[in-house]
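Thanks for making time this morning. I will walk through one model, starting with the overall picture and then moving to individual residues.

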Amino acid sequence: AYEELGMLRRNEPVLPLPPWALGGVNRLPAIARLPEPRLGAQLAIWLHQLIGATEVVEAGEQDPVLHRLRYGPSGPATIAGHAGAIGMSGEMLRQHVQRVCGLSPKRVQLLGRMNRAKIALAETDTAIARVADSLGYDDDTYFSRLFRREVGMTPSQFRRSYRRR
């Protein structure tokens, strides 16, 4: 299934992980000590997250422009603001991002924020409003609607589903 989704390739079984995903590897021994059926469920979640992390690398994780869009300032920075900060015009930024990963800069920024939101929701008890604020969303209701549109469930539902136990 991962091969059909383009996330893994049979002829390239080893893929690099972004630095933020390496910490997840350290959780494996604790997960392995869990009793069944939690062991199977937690291993599946861990594996999905690990495979998902490789997709980020595939889409240009080493590219400093994409890195800034994904992990840069979480405030309401505009794409023009990002472009100016890295010495590009808005159009140059759009063309670069499109060439590297096939997405628009806004889409890359949004996906980066949603990934950071998922990590915060799954791994912390931080209130949803604070998670939204930390990602640059002043309105937590808007953030929740956006999260639901992108992820397919509300932040609360996601937290309950993917909670680290």
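What follows is the fold, then the salt bridges, then a charged patch, and finally a few pairs of residues.

First, the ground rules. This is a predicted model, so local features need pLDDT of at least 70 and side-chain atom pairs count only at pLDDT 80 or more, while totals for chains, interfaces and linings use all residues. Residues are numbered from 1 along each chain as its sequence is written, and side-chain values use heavy atoms, with hydrogens and water left out.

Now the fold. The protein has ten helices and zero strands. Helices here are DSSP runs of H or I with at least four residues, strands are runs of E with at least two, and both are numbered from the N terminus. Read from that end, the order of elements is α-α-α-α-α-α-α-α-α-α.

On burial, 36% of the 165 residues count as buried. Buried means under 20% relative accessible area, exposed means over 50%, and partly exposed is in between, with a 1.4 Å probe and protein chains only. The accessible surface of the protein is about 9,700 Å², and carbon and sulfur atoms hold 57% of that. Those areas come from the Shrake-Rupley method with a 1.4 Å probe; for residues, only the protein chains shown count as cover.

On contacts, take the ones in the protein with a separation of 6 or more: residues 24 or more positions apart account for 58% of them. A contact means heavy atoms within 4.5 Å.

Next, salt bridges. The rule is a side-chain nitrogen of Lys or Arg within 4 Å of a carboxyl oxygen of Asp or Glu. How many salt bridges does that rule give? The count is three.

One of them joins E91 and R94, with the closest N and O atoms 2.6 Å apart. Both residues sit in helix 6, which covers residues 90–101, and they are three residues apart, about one turn of the helix. E91 is partly exposed at 39% relative accessible area, and R94 is partly exposed at 37%.

Another joins R107 and E150, where the closest N and O atoms are 2.8 Å apart. R107 is in helix 7 and E150 is in helix 9, so this pair ties together parts that are 43 residues apart in sequence. R107 has a relative accessible area of 31%, which makes it partly exposed. E150 is also in the partly exposed class, at 23%.

E150 has a further partner. R149 forms a salt bridge with E150, the closest N and O atoms being 3.0 Å apart. R149 is exposed, with a relative accessible area of 59%. Taken together, R107, R149 and E150 are linked in a network of salt bridges.

Now the charged patch. Which residues form the negative surface patch? They are D133, D138, D139 and D140. Patch members have over 30% relative accessible area and no salt bridge; like charges are joined within 9 Å, and nonpolar side chains (Val, Leu, Ile, Met, Phe, Trp, Tyr) within 5 Å. Lys and Arg count as positive and Asp and Glu as negative, with His and the chain ends not counted. The place of a charge is taken as NZ of Lys, CZ of Arg, CG of Asp or CD of Glu.

Is D138 buried or exposed? D138 is exposed, at 73% relative accessible area.

Last, some pairs, all given C-alpha to C-alpha. I119 lies in helix 7, residues 105–123, and is partly exposed at 35%. I119 and R159 are 40 residues apart in sequence and 9.4 Å apart in space. T124 belongs to the loop between helix 7 and helix 8 and is partly exposed at 28%. T124 and R159 are 35 residues apart in sequence, with 9.1 Å between them in space.

Y142 is in helix 9 and is partly exposed, with a relative accessible area of 41%. The C-alpha atoms of Y142 and A132 are 9.0 Å apart, and the two residues are ten apart along the chain.

Finally, P64 lies in helix 4, residues 64–71, and counts as exposed at 60% relative accessibility. P64 and I86 are 22 residues apart in sequence and 9.2 Å apart in space.

That is the tour.
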